[in-house]
Amino acid sequence: CMKKLSILIPAYNVERWLPRCLNSILSQVEDDIEIVIVDDGSTDTTLQCANEFAEKWNNIRVYSKHNEGVGAARNYLLDKACGEFIWFVDSDDYIAEGALRHILSELNSTIDLLSVSYNGGVFTPFEGNAIEYIQKGYINGYLWTKIIRRSVIEDAHIRFDPQRYSQEDWFFLMQVYPLLGNIKQITLQAYVYCDDNENSVMREAHAEHTRRNVADSRETICNFKSFIDSHRDQSYSRAYEQWMNFSAAGYLYSLFPIDYTMEEIKNDIKIFKEKGVYPVGKTGRRKADLFLRLANHEKIYLLLIKLYRIFK
């Protein structure tokens, strides 16, 4: 079934959004594309909706599995994909009009990753090797802006962390980046990221979801630290360290407003200390480094959180 591009869509309780996503692809469909959907144990009519599309279009394949979260769903999709390139598209987002033809024209035999832009975000045009891409600081965690040669992922047996409901996407990319040959980054705003799905893992406001996202963040940063430690001899390790430090700074900053006890925060710092993440090193970004000058002193950091919560 070798197609040029497999568009991989994990779907969970998205009956309202899946048609918008699929129509945006099908309105500009090319022969060289397959769409693979996995329903991750939805409790609404998502699966039925996907199957209705598949009945009308022979380039759509639909699978169903019990609910395990997005990491496991993406792994399932990777196992089913047969395109030369893969593109993960979230079911509550969609693809910009006319983008597919442009993307297919860019995917040639010499390219391993094509990075496109999304609504509002514009990436600097770039063409070159992975190490240069990493060292110039062009890396980011936006999985949905990356179209990747599938053989790179398969040859290295890279998969998502199935235990994670969030944050698994950027760590996946960090493992892929160093393995890439030629990377091309273009300014084409191909992807439309939406935030109108209140059921999304990243947008659910309940305390249990907040807690899960916090734990996923912490664990992923710790896993990334282990990854960096085992690749210390590589030329990109310093750039990766800065990226990890920036993530850790963002993590510490995110604990201010959430419903998370001081004991839990102390425990997180303890975990970070054990892993060698805290105190956090330089991020290469002025604001974050300024914040860390305070946050790296545990007593000051905890005091700031207490004061913030009193006055909030």
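Trainee: Where is N75?
Mentor: N75 sits in helix α3, residues 70-80. Helices are DSSP runs of H or I with at least four residues, numbered from the N terminus. This is a predicted model: local features need pLDDT of at least 70, side-chain atom pairs count only at pLDDT 80 or more, and totals for chains, interfaces and linings use all residues. Residues are numbered from 1 along each chain as its sequence is written, and side-chain values use heavy atoms, leaving out hydrogens and water.

Trainee: Is N75 buried or exposed?
Mentor: N75 is buried, with a relative accessible area of 12%. Buried means under 20%, exposed over 50%, partly exposed in between (1.4 Å probe, protein chains only).

Trainee: What does the side chain of N75 reach?
Mentor: The backbone nitrogen of F160, at 2.7 Å. Leaving aside neighbours within four places in sequence, N75 is in contact (heavy atoms within 4.5 Å) with R159, F160 and P162.

Trainee: New topic. Which residues touch the most other members of the largest nonpolar core?
Mentor: Y177, F224, Y240 and Y301, out of 63 residues. Such a core is a set of buried Ala, Val, Leu, Ile, Met, Phe, Trp, Tyr and Cys residues joined through side-chain atoms within 4.5 Å.

Trainee: Which helix gives the largest share of this core?
Mentor: Helix α9, residues 237-254, with eight residues.

Trainee: What does Y177 touch?
Mentor: Not counting residues up to four places away in sequence, its partners include L113, Y133, K146 and Y240. A second, separate core has 40 residues, among them A11 and F85.

Trainee: And L303?
Mentor: L303 lies in helix α12, residues 298-311. L303 is partly exposed, at 47% relative accessible area.

Key. Helix = DSSP H or I, 4+ residues; strand = E, 2+ residues; numbered from the N terminus. Polar contact = N/O pair within 3.5 Å; in protein donor to acceptor, adjacent residues only side chain to side chain.
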